[in-house]
Amino acid sequence: EESPNADSLLMAQEKDRFIANAINSLPEKQRSILQLRDIEGKTYKEIATMLNITESDVKVSLFRARNEIKEKITQKKLLFL
């Protein structure tokens, strides 16, 4: 029989895999902006300069990307209720 720690590890791995898949399913621009902001910690201004877009566009794309990820997480949680 598996230990509680093994179960926790499997759950954490599944969660990480799910989130990675959700991020990878985003449109390229949203995925890039999410990566640069939330993973690499770049500022809105840095991202705008790197991608040659406005800071407003960065914020809108990031908002949409985060909402899409939240929606996928919510849908998955509903499947397990």
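Before counting anything, I wrote down the cut-offs: a residue is buried under 20% relative accessible area, exposed over 50%, and partly exposed in between, using a 1.4 Å probe and protein chains only. With that, I found that 17% of the 81 residues of the chain count as buried.

**Ground rules.** I noted that this is a predicted model, where local features need pLDDT of at least 70 and side-chain atom pairs count only at pLDDT 80 or more, while totals for chains, interfaces and linings use all residues. Residues are numbered from 1 along each chain as its sequence is written, and side-chain values use heavy atoms, with hydrogens and water left out.

**Confidence.** I looked up pLDDT, the predictor's confidence in each residue, from 0 to 100. The chain has a mean of 92, and 95% of its residues reach 70 or more. Helix α1 (residues 4-24) has the lowest confidence, with a mean of 89, and helix α3 (residues 44-51) has the highest, at 98.

**Overall build.** I counted 4 helices and 0 strands. Both come from DSSP runs numbered from the N terminus: helices are H or I with at least four residues, strands are E with at least two. In sequence order the pattern reads α-α-α-α. The chain is more spread out than a compact globule, because its radius of gyration is 16 Å, well over the 12 Å that the globule rule gives for 81 residues. That radius is taken over C-alpha atoms, and the rule is 2.2 Å times the number of residues to the power 0.38. I also have the span of the C-alpha trace along its principal axes, about 55 × 25 × 15 Å.

**Contacts.** A contact means heavy atoms within 4.5 Å. Among contacts with a separation of 6 or more, 51% join residues 24 or more positions apart.

**Ser61.** Is Ser61 buried or exposed? I got a relative accessible area of 4%, so Ser61 is buried. Ser61 lies in helix α4. Which residues does Ser61 contact, leaving aside its neighbours within four places in sequence? My list has Lys29, Gln30 and Ile33.

**Asn52.** I went to the loop between α3 and α4 (55-79) and found Asn52 there. Its phi is near 55°, a positive value in a residue other than glycine. Asn52 counts as exposed because its relative accessibility is 71%.
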